[in-house]
Amino acid sequence: MQLYNTSSRQIEEFKPREEGKVSMYTCGPTVYHFAHIGNLRTYICEDMLVKTLIYAGYDVKRVMNITDVGHLTSDADTGEDKMLKGAKREHKTVLEIADYYTKVFFEDFSKLNIRMPDVIEPATHCIPEFIHMIEVLLEKGYAYQAGENIYFDTSKLEKYYTLSNHNEEDLRVGVRDDVDEDSNKRNKTDFVLWFTKSKFDDQELKWESPWGRGYPGWHIECSCIGIKHLGEYMDIHCGGVDNIFPHHTNEIAQSEAFLGHPWCKYWFHVHHLVEKDKGKMSKSSGEFLTVSLLQEKGYDPIAYRFFCLQSHYRKPLEFSYEVLDQMSAAYQKLLKRVSELKEDGAVDEAVFADFRKKFTDALTDDINTSMAITVLYDVLKADTNDATKRALVASFDEVLSLDLLKGEEKLAQAGSVDAELESWILERIDARKAAKKAKDFAQADAIRDELLAKGIVLEDTREGTKWKKN
Ligand code: AMP
Ligand code: ZN
């Protein structure tokens with residue numbers, strides 16, 4: 001298996017530490033808001049990595065944290081705790097917010113056919129382990145107390161900058177200077193391990209520690225949870241490219257200082273989902289798309305998965321409804337083609353093995369998902385019987401997870417959703433007509449907006465009101 005490693009900035013032959021077994025860690029969501037479809041692009045690509053490894057015969061253990069404390073509005077330890085911000089916005093407690101958004105996050109996993117991690121651990125469940133790690137870092141001289149916070153001393157590590165491929169000067173410029181004006185940090189890149197003093201006093205969750213009541217910094221959770229469940233060595237660590245610096249750079253610093261040896265060998269980073277003229281989709285902007293919203297607009301979440309699989313995980317992916325529409329149509333067509341395959345006898349084992357190899361070769365070539373889909377289309381065009389094609393489609397779908405053999409069911413469902421949607425639209429058009437007749441123009445406009453919110457545009461013509469999907 002060939003895999004790009006951010007750490008070496010090269011494609012490398014993947015060799016796990018223990019033959020046949022892979023230990024893998026994924027940075028989980030910060031559960032102060034819905035995950036957007038950008039976040040989910042990262043998890044879809046990581047899912048393709050996990051399933052490729054399983055398909056290639058590896059036994060994979062994957063661990064994911066849930067960030068429910070300590071992630072400030074800037075990754076460089078500035079601003080308000082994101083969880084607190086979410087709680088204030090919704091007039092709820094931090095734990096209520098965390099529970100709710102964690103639940104919705106995994107519902108999205110299920111809608112997108114993403115395999116659940118083997119271990120899921122919220123940061124707030126591991127406070128004693130964080131405190132222990134910080135104590136060891138203090139004892140070893142890698143951490144220090146300044147003001148009322150505990151910091152990691154990045155100057156103690158020669159290779160602090162390796163993952164981010166920056167030189168020290170770049171990072172000095174990159175790291176914001178307003179971290180904590182009163183912190184007495186020794187170096188600009190030093191980061192908080194434990195806060196006892198915060199610029200915002202209303203932090204809801206605090207714990208006793210040897211340094212006073214406080215709460216952990218963001219980075220410590222992934223080092224600690226990774227080591228707790230996967231041991232002293234990790235094969236692959238995943239995340240989005242925005243995690244490379246400072247988050248993953250800081251994870252390496254803490255973990256290697258704590259363990260006293262190299263920690264994770266392969267770093268797998270997924271590039272961003274971007275929007276034209278807006279750039280990276282982000283939760284903090286407040287303007288983002290969710291899987292539920294796509295569903296409300298009539299899209300099958302798996303069509304979004306199909307959309308993501310057409311591009312390589314190391315390239316930015318631009319989202320547009322136009323392309324999603326094309327992908328949805330292509331996906332429906334694909335389902336239809338597969339549903340037409342007949343049960344016509346025995347599987348041709350030689351043809352099966354040949355295509356299975358081509359498919360595996362595509363995926364083990366740094367997770368080339370678009371090539372894997374090309375192999376799928378080649379199967380459908382191949383000069384072999386339908387039974388062989390069906391068997392190959394079933395086998396490929398263990399990795400692609402596109403519900404390829406549920407075509408009939410899905411197409412019937414799509415038909416009935418369309419019929420339901422159409423009758424609702426016609427009912428709303430009638431209601432608008434009645435409102436206009438009664439000169440209640442505000443109501444008529446509200447109905448037009450209600451339809452628009454669902455992606456339905458109205459056009460008043462001489463023959464009456466017509467509608468179309470936007
Ligand atoms: P968060 O919930 O903000 O901690 O992010 C969860 C995951 O989504 C992290 O691995 C991020 O790197 C990733 N991520 C954030 N924004 C995007 C985006 N626009 N496209 C792809 N992945 C993203
Ligand atoms: Zn993390």
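Into which domains is the protein chain divided? The protein chain is divided into domain 1 (2-270), domain 2 (275-414) and domain 3 (417-469), with bounds that come from an automatic or database domain assignment. This is a predicted model, in which local features need pLDDT of at least 70, side-chain atom pairs count only at pLDDT 80 or more, and totals for chains, interfaces and linings use all residues. Residues are numbered from 1 along each chain as its sequence is written, chains are lettered from A and ligands numbered from 1 in the order in which they are written, and side-chain values use heavy atoms, leaving out hydrogens and water.

C27, in the loop between β3 (21-26) and α1, and H247, in helix α7 (residues 244-259), are 220 residues apart and link distant parts of the chain. Both C27 and H247 are buried, meaning under 20% relative accessible area (1.4 Å probe, protein chains only).

Helix α12 (residues 369-381) has as its buried residues T369, A372, I373, V375, L376, V379 and L380. They lie on the same side of α12, because they cover an arc of only 150 degrees around the axis, taken from the directions from the helix axis to the C-beta atoms. Helices are DSSP runs of H or I with at least four residues, and strands are runs of E with at least two, numbered from the N terminus.

The centres of domain 2 and domain 3, taken over C-alpha atoms, are 34 Å apart. Four residues of domain 2 are in contact (heavy atoms within 4.5 Å) with five residues of domain 3.

Definitions and conventions
Buried < 20%, exposed > 50% of the residue type's maximum accessible area, 1.4 Å probe, protein only.
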